[in-house]
Amino acid sequence: MMKLNKLLNVVALLFLGIVFANAEKAVLGTVTDAGGEALIGVSVKIKGTAKGTITDINGKFGLSVPGTYSVLAFSYIGYESQEVKVGVQNKLTVIMNSNSKDLDEVVVVGYQEIKKRDLTGSVGKADLDNMLKMNVSNVDQALAGRVAGVLASSNQGTPGEEMNIVIRGTNSITGSNAPLYVIDGFPMEDGTASTVNPRDIESMEVLKDASATAIYGARGSNGVIIITTKKGQVGAPVITYDGSFGIQRTPKQMPVLSTYEFVKLQQDVYYASAPSPYFSTDANGKKWTLADYENMPSINWEKMVFRDAPIQNHSLMISGGKEDSRYTASLSYFNQDGIIKNTNYNRMQGKISNTIKKKDLTIYLGANYSRGIQFGSTAAGTLFSNVWGYRPAVYPNQSNDAFLNDIFDESMISDYRVNPLLSLQNEFKKTSRSELQTNGYLQYEFTKGLLLKASVGFTNQDLLDETYNNSNTRAGNKTTANRVNATENTSSRQTWLNENTLTYTKSFDKTHNINALVGYTMQASDNVAYLSQTIQIPSESETLVMAGMGTGTPFTMTSSASRWTMMSYLGRVNYNYKNRYYATASFRADGSSRFKGDNQFGYFPSGSLAWNFTEEHFMKPISNIFSSGKFRLSWGVTGNNRVGDFDTYAKLTKLNSSGVYPFDNSLTSVGFIPSTLGNPNLRWESTSQWNAGTDISFLNQRLFLTLDVYKKSTDDLLLNANLPYSSGYTSGYKNIGKTENRGIEITLKTINIKTKDFTWFTSFNISFNQNKVVSLTENQISLLSSTMTLPNYYTQIGYPLGLMYGYVYEGTYKYKDFNYDELNRTYTIKPDVPTFTGETTAQPGFPKYRDLNGDGQIDSNDQTVIGRGTPIHFGGFINDFTYKGFNLSIFFQWSYGNDIMSGNLSNYQTFNGRTLTNLFTTFQDHWSPENPDSDIPVAYRPDFFQSVNQKDFFPKFTYFKASLNVPSNRIIQDGSFLRLKNITLSYNLSSKIVKILKLSKVRLFVNANDIWLLTGYKGGYDPEVSIQNSALTPGYDSSSYPRALSMNGGVSVSF
Amino acid sequence: MTHIINSRSIQSPLSGKWQLNFIKILLSLQLVLCLSSCSDFLNTTPTTITKDNYFHDKSQVQSFLISVYSPLMTESFYGDAYLTKITADDLGYYNRAAPAMSVACVSTSISDPSLKSLWRTLYDGINRANMLLENIDRAIPASTDSAAREQYRSEARILRAFYYFTLIQNFGDVPLRTQTPTDINNLLLARTPKQQIYDFITSEMIAAEPYLPSAVTVNPGHLNQSAVRGLLARVYLFRAGENYRDAAVGNPITNSVDSITAYFTHARDWALKVKTSNLHDLVTPYSQVFIDLSSDKYNSTGVKESIWEVEIAGNRTTSILAAGRIGNTYGYGGADLKSSAAPDADKTGLANPGYSYGYYYCTLKLFDIYKSEADSARGNWNITPFTYTYTGSAATTKVTGRKYFYGKIPASLSTLLLPGKTYTDANGYIYSVGTVTDTLNTARCMAKYRREYEQVLPKDKNYTPINFPLLRYSDVLLMISEAENEINAAPTTLAYECVNKVRSRAKINTLSGLTKDQFRDAIKKERAMELCFEATRRFDLIRWGGYPETMKAVGTEMTNNLGTRWPSTMGFASDYFKVPVSYYYLPIPSYEMSVNKLIYYNNPGW
């Protein structure tokens, strides 16, 4: 029927065109938006014909139409399409309304796009407009606080640092909790968004509940992030340049003792018989005393390693095309110097894509290449230990220059501390990551509603890690066994994917609407990795650096190769009745080479229901209150397959460490050792999730509320389980253990004021997640993990993951805890006061912990849970004001209820006997006979007792105290924070000025990121920290890279 | 592979109906093809070595055997921690005021990391041996090279037995696993009574003994017939003393009087086999044995005193990590010259004595034994008689010579070096001697393993190539004497012959005319002088009974002499001898108990 009409139309047109050519009529017109701005590239078509045009740079078009009965169809992305009858007029003015109506927004879900109105699952669409105001290199970095249920945090502030994204809590105890990234339809298990230029992104969706993620089956249980890049639009070519330049600075210092304070500390802890070198005699024969240091300046190491650092970002994009051929191309460059010297991140990226349409066939081809380079120290764990701890002044007979230019503090060579500045400047550590993604699809419409889509993608990822340690670095100096050394670590991964889907959409009498999808996919991935290291590189040269690697002695050489394949069948049916009652069911069967036999395939069903209750007649009377409203309910099962490619096999390894036995002194006797037991019965980890939610908008869409509650439980956890050592193995992957997460997510958006010139909206989201371990390895009740020497994290059945563990600090021992022997001037602890195990000789000022079991002895049995690493709730809120061309947006982000365990406090607010090590200024307040109420433990020297006459000194200490360094709540602080993450002020030049400049759009902006922070955390630079991050050990701080305050200005120009 | 054909073919510009049909055909073809080839697509071949694709020939067995030996030299066993943390006895002490969590500082616990590592290392070795034994017949079929096959099999069996023996000595009843586990979900294993494990150990060793090479054909790093015979004697002797520790901790006694005599007899007989083989003898001087161990030589004089050694080599400046810490943490050396710019850093001998932490110092008890027996040959080797002297600091540090403790001038210098004077040798090194008041002579480091003799250059600060003596002929002789005395009513001629051979080498008087008890005491003293710091003494104390009492007495002696014969700076050490009765058995590590729920009780007192 349709075809016949079409044919008749064409015939009629031809006929009319030839015979009644003089009936043609010329129409001129202008298309603008509601604000009167000209719209460029609007498609104008004569309805029923193939004839049409597009508007020019002034929004004008001219067209000759067959007659007054003609109808012109106007369409433009982001605007509601409309049809206008030509009638008798020759001049048309068409005003197009933007289709920003929230509910008509299109949302990309797995393998499909659907209208938000028709969603039955929980999907968070990221507000890219506001996120991109932050001017980040990687879209992830702007995700924190934007989408309810998504916890995005970085371990520290290193440029180019990748974000940890956890959606709806951690399922996996030892495995990865990172979501699956699907970039332009290509699922990437170890994916990040770092290869994509944020400006290229059209949309970003976070699939949260099982109804949404189950279509990704075995890889969906950590949630899915779908990123779709921009495709060419029909219209005249548009060239857009975005550029910005900014400056960054450290917002905080951790003050350490000044020279005078430092020398005084040395005086306090040293013996007269073994005085500190600070009291030695100088070349002029003068013996220095503390008083001589009174006005001596301090070397500020911290100031010397920091700098103000520039950041710049450029992006050029071309887009355009006609109905049958659309294209985009973009190039971008990002360069960020770190606020720590000699650190940098930069990325170059280019993308090109083409969509060709020929009749019912659409073909898309696209390619994206990016190369990101991270350079310099990551700081974590080491750098600031030296920065804070290095001596602030030289000895009387020591040259300042020599001290500053020597990699060692020669007098302290035995403990390997290195000159932080010199080491930092000499470290060569470069990680280059390049990635080429190509993908394409063809789409064919058999008949209306029946669509075949076949897509192919290929990704090549190369990673190159280069390290060169010259003689002025921590790892290559003269005291190291390896001396000058270089390491090259390279890996390469190739992945291909083929997906074929068939979609059928049909509406029966506008009452029963059906959409069905079936498909199957195949994917395979190969990777190889090589590592080589040479040591004792003879002649180091600043220009040679890595090129000098070949002159060294070969040291380590390793290689590995791996491969996985996957094959899946999937299907989904969406049904709705009068857009009022919805039902969706999906199913996926995934087969993976990582498993064997019957376990190869896993089956992942889901179902959901929704009710658009505002469509009911009884709601109509109150439609002025409820603009729209929907209830959703879903259930489904998803999986996780993140184990090694060959973990089902019993593997052997050749080990240069534990498989060596140098028979007859030969260093070639290296043997094979059994490395894993293998588990042929491994299968998918499966997560079942319930979700109930509602989306309601009130008061003529001035207020939107989305609320979700969920409960998910993960079974058959792929746990890298501890095995009894008596088996000969230490750990292995088993399907064992169970975790549970439940939570509430609320998103509220209000349009507070909306007038012609002024708009103010507020958007707010908050997420609560509660996590619980239900079971561990067979019969195991708890497990300990550590980021310090002693275990400091605890996991127990019935409690959340990642609890901090240790002793309960009760302050220092005070005089009242002791009996005083006047004759010998000694303090002996009272018998009823508990002492730390083996430390019956405790003295006033020593750390005191709670004797939980009351046995009089403080030992490992008195450790308990002392903090939590994960927040109780977190979220963000934004206020956005628009006045004419001006826009101001202010974004806050917070985290509440999480603690941080600070290794910094353990090392630098405690004098634990390391001689000549500087400490935080806060240590000044430590316990002393003059300050007997202090709860910061006393300063003392461990070999105090070696003095011949102990009686002359006070207090009298004998042994080194292990109790000083144990994990306790003394080093735990509240990590809650509220951060003013971004303020952006922008101005869109008025169309008049733009026209004069012969441009189509100009936006100027200034912004600032990480501006202000409200937190009680004083144990380090920033409370958003997790060094050695894992599900078991969140929130540990030790010499982390501070987050920079940055200020940027930039421009966006289109023409 | 059809997916690729699909995407390519599409580019051919077909139109209309044909196009449609073509796509339909392709689609259905693809679905069908895939369904039939799925299983192949998902079955990948491992690109890694697995148990199944290994064990194909003799060289692979040889290579795997290396890993069965390798636990011996790891840092958790003889490479370091076993010596510095676990096998502490009455003759030395951990010379640090800050006690490390260890048996040595009487501060061990169920979560002691060194016990956990030891446990793991021993079971790693057992598992490797099991795997080799299960696969050796597949790799070397019966028809080929049976001599090599049986030798490898025997080495694996003995090593496995030795690891179990170490487990018994330290932990008592332990899980006995004689096959590799196959099911990861079924790894729990209960403790097996130790007597049952003893039977397993001795029967394995006896069965393997005939297939081992003679001690003259291999270096002492390889297991040989003499080694396994000596080990059997050691196992039987330890087994004979089991009743002492069981009685002390309140365990049921599992040794009968008859069986004790039988064990002593077996011990004597196996030890005697070593003696009557006439392959072994004692080297003079005593120190040569240890100089050989330090300088990468095996019985350099040709006298095969060292029967079995832990092989350790290199300096960790290659990727093969075969160096250990003997001499560095456990032994004697000097300052670290490695960071020095001076050319001395890469020298051997006195110019660069190698860095040592000197964790082990000698107790007053050991001093007094050597003093009472006038044993300077062994005393001045095992306890350092000197310290190194230096000039300069940090980068300019250089060795200038040696300063001997008062009264410890070696015979070679006795005429040259006089108290209050110095002597400079041809190389410019200066020798001096201290006075009594310098410091108390008794604060001295154990010096059995001396880095000065290392030959591997450059000397690493922390890692050394020094081998460790697992079995020496003098030990065999003393075992004969001891067992012979226990079996008979009084010491026999053979008992005297053996002990006196050891004493003669040390140039001290010979024994005669002792009662059985006197002879037993003499043997205890003799073993201290001869075998101190060879990781056997703690187990001697245990099998002799009275281990905690003996230890406590050492601490008491220190306290009583504090500031007189014992330096006040060493006052802390007396705490390290307050050994409770529970130390007869070390605790099963808490890690094992947390995941192996079939071990539901620990040793008494833990």
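**Salt bridges and cavities in the predicted model**

B:Glu530 and B:Arg505 are both buried. Their side chains form a salt bridge, with N and O 2.8 Å apart. The pair connects distant parts of the chain. B:Glu530 belongs to helix 16 (residues 516-531) of chain B, and B:Arg505 to helix 15 (residues 493-505). The two residues lie 25 residues apart. The structure is a predicted model. Over all chains, it holds 73 salt bridges.

A second salt bridge in chain B joins the side chains of B:Asp575 and B:Lys578, at 2.7 Å from N to O. B:Asp575 has a relative accessible area of 28% and is partly exposed. B:Lys578 is exposed, at 52% relative accessibility. Elsewhere in chain B, salt bridges with shared partners build one network. Its members include B:Glu305, B:Glu373, B:Asp375, B:Arg378, B:Lys448 and B:Arg472. B:Glu530 and B:Arg505 also belong to this network.

In chain A, A:Asp817 pairs with A:Lys816 in a salt bridge, and the closest N and O atoms are 3.9 Å apart. A:Asp817 is buried, because its relative accessibility of 5% falls under 20%. A:Lys816 counts as exposed, because its 57% is over 50%.

Cavities were examined next. The structure holds 15 cavities of 30 Å³ or more. Three strands of chain A each supply at least two lining residues: strand 19 (325-337), strand 53 (1001-1015) and strand 55 (1045-1054). The lining comprises 15 polar, 11 nonpolar and 5 charged residues.

The second largest cavity has a volume of about 170 Å³. Among its 20 lining residues, B:Phe165, B:Gln169, B:Arg234, B:Thr536 and B:Phe539 are the closest to the centre. Helix 6 (146-171), helix 8 (225-240), strand 8 (468-472) and helix 17 (537-544) of chain B each supply at least two residues of this lining. Helix 6 gives the largest share, 4 residues. By class, the lining has 12 nonpolar, 3 polar and 5 charged residues.

The model scores ipTM 0.92 and pTM 0.84. The average pLDDT of chain B is 90, and 91% of the residues score at least 70. Residues 1-15 of chain B have a pLDDT below 50. Beyond near neighbours in sequence, this stretch has 18 contacts in the model. Where pLDDT is low, predicted coordinates should not be read in detail.

Technical notes: Residues numbered from 1 in each chain as written. Chains lettered and ligands numbered in written order. Predicted model: local features only at pLDDT ≥ 70, side-chain atom pairs only at ≥ 80, totals over all residues. Heavy atoms only, no water. Salt bridge = Lys/Arg side-chain N within 4 Å of Asp/Glu carboxyl O. Buried < 20%, exposed > 50% of the residue type's maximum accessible area, 1.4 Å probe, protein only. pLDDT = per-residue confidence, 0-100. Contact = heavy atoms within 4.5 Å. 1 Å grid on protein atoms, 1.4 Å probe; cavity = no way out; pocket = protein on both sides within 12 Å on 5 of 7 lines; lining within 4 Å. Points joined across faces, edges and corners; volume = space filled by probe spheres on them. Nonpolar A, V, L, I, M, F, W, Y, C, P; charged D, E, K, R; others polar.
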